[in-house]
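Hi,

Here is the structure I promised to pass on.

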Amino acid sequence: MTQHQILDGKKVSTLIQAELAEKISKRVEAGHKPPGLAVVMVGNDEASKVYVNNKIKACEKTGIRSKAHFLPRQTSAKALYELIDELNQDSKIHGILVQLPLPEHIDESEVTNRIDPNKDVDGFHARNVGHLVLRQPGLRPCTPRGVMTLLNHYQIDPKGMHCVVVGASNIVGRPLMLEMLFAGATVTCCHRFTQDLAKHVKQADLLCVAVGNPEIVDAEWIKPGAVVIDIGINRLADGRLSGDVDFHVASKKAAWISPVPGGIGPMTVATLMQNTYEASL
Ligand SMILES: Nc1nc2c(c(=O)[nH]1)N[C@@H](CN(C=O)c1ccc(C(=O)N[C@@H](CCC(=O)O)C(=O)O)cc1)CN2
């Protein structure tokens, strides 16, 4: 049994937000406009409401001016594009985020590509994805960037590690693979057609799981001494939150582990604040 240590995303997120608050207040004192973030949510998804509220609260803490747009589920794609076009033109708005998922009648990639890439603080626009792939400066997706910041805070260097990413979504798995590759890890990405998930997970020095299924990985597979990053958020029937990895079992094997809640979720929010600040410079 290994003694595990916690990758405390809540604590690191608080530190990042305090640093940002200081930088922003100094810039405002010097006569600059505060960064402005437009938060757009369509529909009533309960989990999304929590995430959006966490983002708005983080804006209040850091001195970012936020403007929330809560639109009904039946909003047309055309009406959403018109709002995005207005926000693209608004000089007080430096960052625009449209909370995902969107209702089925709205095409997510059309929406993300409608946002001015310089205001795309989620890093989902094709131009920013291209910058990430080519390792050029640009806005980077918040969750993967937040994972790298958290590892860096605890001086965990992925260089030379075998990193296994479970999940290949546009917003987490694929950009996280690239982040890990650029950090010098050897990367394996597992997805719905992966034949022997256990075989891959057992080889991971650094295991990142981002599927949204608490049964996807058996924590007994974890290599002793591995670093485990749990990015899944699952709401259990009793209202509690759990990650994609059984924390109790995994923490007996891992050297480092990020909890849910209190791990990557808060890092996603803090990174959004960093991206918004950077987009305002
Ligand atoms: N436009 C975007 N939509 C979505 C993104 C994204 O990066 N941009 N990612 C996910 C959800 N996400 C961000 O919006 C997100 C997930 C979790 C949290 C968070 O604060 N989690 C807390 C627990 C919160 C709770 O009580 O439920 C934690 O883990 O401690 C914030 C943001 C999908 N959509």
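Let me start with a glycine: Gly212 sits in the loop between strand 7 and strand 8. (Helices and strands here are DSSP runs, H or I of at least four residues for helices and E of at least two for strands, numbered from the N terminus.) Gly212 counts as partly exposed because it has 15 C-beta neighbours inside 10 Å. For that label, 20 or more other C-beta atoms within 10 Å of a residue's own make it buried, 12 or fewer make it exposed, and anything in between is partly exposed, with C-beta atoms placed from the backbone. Leaving out residues up to four places away in sequence, Gly212 touches Gly232, Asn234 and Asp244; contact means that the C-beta atoms, placed from the backbone, lie within 7 Å. Arg235 is 23 residues from Gly212 in sequence, and their C-alpha atoms are 9.5 Å apart.

Before I go on, a word on what you are looking at. This is a predicted model, in which local features need pLDDT of at least 70 and side-chain atom pairs count only at pLDDT 80 or more, while totals for chains, interfaces and linings use all residues. Residues are numbered from 1 along each chain as its sequence is written. The protein chain averages a pLDDT of 97, and 99% of the residues score at least 70; pLDDT is the predictor's confidence in each residue, from 0 to 100. The model's ipTM is 0.99 and its pTM 0.98.

The chain divides into domain 1 (33-118) and domain 2 (142-265), with bounds from an automatic or database domain assignment. Taken over C-alpha atoms, their centres are 28 Å apart.

One is open, with 6 strands in the order 1-11-8-7-5-6 and parallel pairing; two strands pair if DSSP finds at least two bridges between them. Its edges are strand 1 (5-6) and strand 6 (186-190), each pairing on one side only. Strand 7 (residues 206-209) runs parallel to strand 8 (residues 227-230), joined by 4 bridges, and Leu206 stands opposite Val227. In the loop between helix 8 (197-201) and strand 7 you will find Asp205, which is partly exposed because 17 other C-beta atoms lie within 10 Å.

The other open sheet has 3 strands, ordered 3-2-4, again with parallel pairing. Strand 3 (65-71) and strand 4 (95-98) are the edge strands here. Strand 2 (residues 36-42) pairs with strand 4 over 4 bridges, and Val39 faces Leu97 across that pair. Helix 2 (residues 46-62) packs on this sheet, touching strand 2 and strand 3, and its direction makes about 170 degrees with that of strand 2. Helix 3 (residues 77-89) packs there too, touching strand 2, strand 3 and strand 4, at about 180 degrees to strand 2. (Axes are lines fitted to C-alpha atoms, for helices over the stretch in contact, and angles run from 0 to 180 degrees between N-to-C directions.)

Which residues touch the most other members of the largest nonpolar core? Of its 73 residues, they are Cys163, Val165, Val166, Leu207, Cys208, Val209 and Val228. (Such a core is a set of buried Ala, Val, Leu, Ile, Met, Phe, Trp, Tyr and Cys residues joined through C-beta atoms within 7 Å.) Helix 10 (residues 264-280) gives the most to this core, with 8 residues. Val228 touches residues including Leu207, Ile222 and Trp256.

Cheers

Technical notes
Contact = placed C-beta atoms within 7 Å.
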